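The sequence and the model are shown first.

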Amino acid sequence: MSRIVLPAVTVFSAVGIAASQALADQPKAWGVWMQEAASPTMHQITALNIEVTGIILVVLAFVFVLLGYVCFRFHASRNPVPARWTHNTPLEVAWTLLPVLILVAIAFPSFRLLYAMDRTKDADMTLKVTGHQWYWSYDYPDQKVSFDANMVQESDLKPGEPRLLATDNHIVLPVDTTVRIQTTADDVIHSWSVPSLGVKIDAFPGRLNETWVRIDKPGIYFGQCSQLCGINHGFMPIEIEAVSKEQFAAWLSGQPKQTSSAAGPSRVAEAGH
Ligand SMILES: [Cu+2]
């Protein structure tokens, strides 16, 4: 299989090198490929996607070549008297077995990845995420920090802040740190999703879901609610600033303990730590 996917890997890794100059990725106009990976989960998702796309292309090419051959070879002018047989046991075994083998070959890496991204035993810290109509609130239970994060309205955007993605308060997380993420909601079902970190997890009222993230490099990462949750579903984005462990500690010490949105955190970069 590795020989089959090699051309695809070569093409896409060239794209990856070009994109890696930006610190953190975000949605772009006319973007078609996934955002640049910034966590082990997303690196594996990207790799699996390339593998499966390779398999799809091989199957697609095979079917089209076969179809072309049949159109040509059995055209009425070349084959005026059609054969009358309707069964061919070896052929039927082959076209049943081959797809099964292909699906099994896809299933193994898929399940391996599903279990890897499910949850972690050894988290260094916890971030609790609560979905509301229509904003997110965040708790760092061990550090006793809590705040709400609302979308920045278009008229209030500062230069460089992306429309519909920037939030007034935002999550700050240290890089190279395994963070347990727990999600819940206080009204309807939401979904907390950050593409470049490979996280998409539903937030249910009355239930705690868990996943984890480990961010590779500093930068600002954006996400959106991904479960239709009402009229302002499209206006409850997610903004994460990943910083060094030292900057994170400095940010934490500047946070008011156990208060909600009143005095929100400022961006670490702006505060000049
Ligand atoms: Cu929502």
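## Parallel pairing of β1 and β5

In this predicted model, strand β1, spanning residues 125-132, is paired with strand β5, spanning residues 178-185. The two strands run in the parallel sense and are joined by seven bridges.

## The five-stranded sheet

The strands β3-β2-β1-β5-β8, in that order, form an open sheet with mixed pairing. Because β3 (145-149) and β8 (209-214) each have a single partner strand, they stand at the edges, and one side of each is left without a neighbour in the sheet. From one strand to the next, the twist averages 25°.

## Packing of α2 against α3

Helix α2 (residues 40-73) packs with helix α3 (residues 89-118) at an angle of about 170°, and their axes are 10 Å apart. At this angle, α2 is therefore roughly antiparallel to α3.

On the α2 side, the contact is made by Thr41, Gln44, Ile45, Leu48, Glu51, Val52 and Ile55. Helix α3 contributes Ile102, Ile106, Pro109, Ser110, Leu113, Ala116 and Met117. The residues of this contact of α2 with α3 comprise 10 nonpolar, three polar and one charged.

## The chain as a whole

The protein chain contains five helices and 10 strands. It has 273 residues, of which 25% count as buried. Among the contacts in the protein chain with a separation of 6 or more, 67% are between residues 24 or more positions apart.

Definitions and conventions. Residues numbered from 1 in each chain as written. Predicted model: local features only at pLDDT ≥ 70, side-chain atom pairs only at ≥ 80, totals over all residues. Pairing = 2+ DSSP bridges. Helix = DSSP H or I, 4+ residues; strand = E, 2+ residues; numbered from the N terminus. Axes fitted to C-alpha atoms, helices over the stretch in contact; angles between N-to-C directions. Parallel < 35°, antiparallel > 145°, perpendicular 65-115°, else oblique. Contact = placed C-beta atoms within 7 Å. Nonpolar A, V, L, I, M, F, W, Y, C, P; charged D, E, K, R; others polar. Buried ≥ 20, exposed ≤ 12 C-beta atoms within 10 Å, placed from the backbone.
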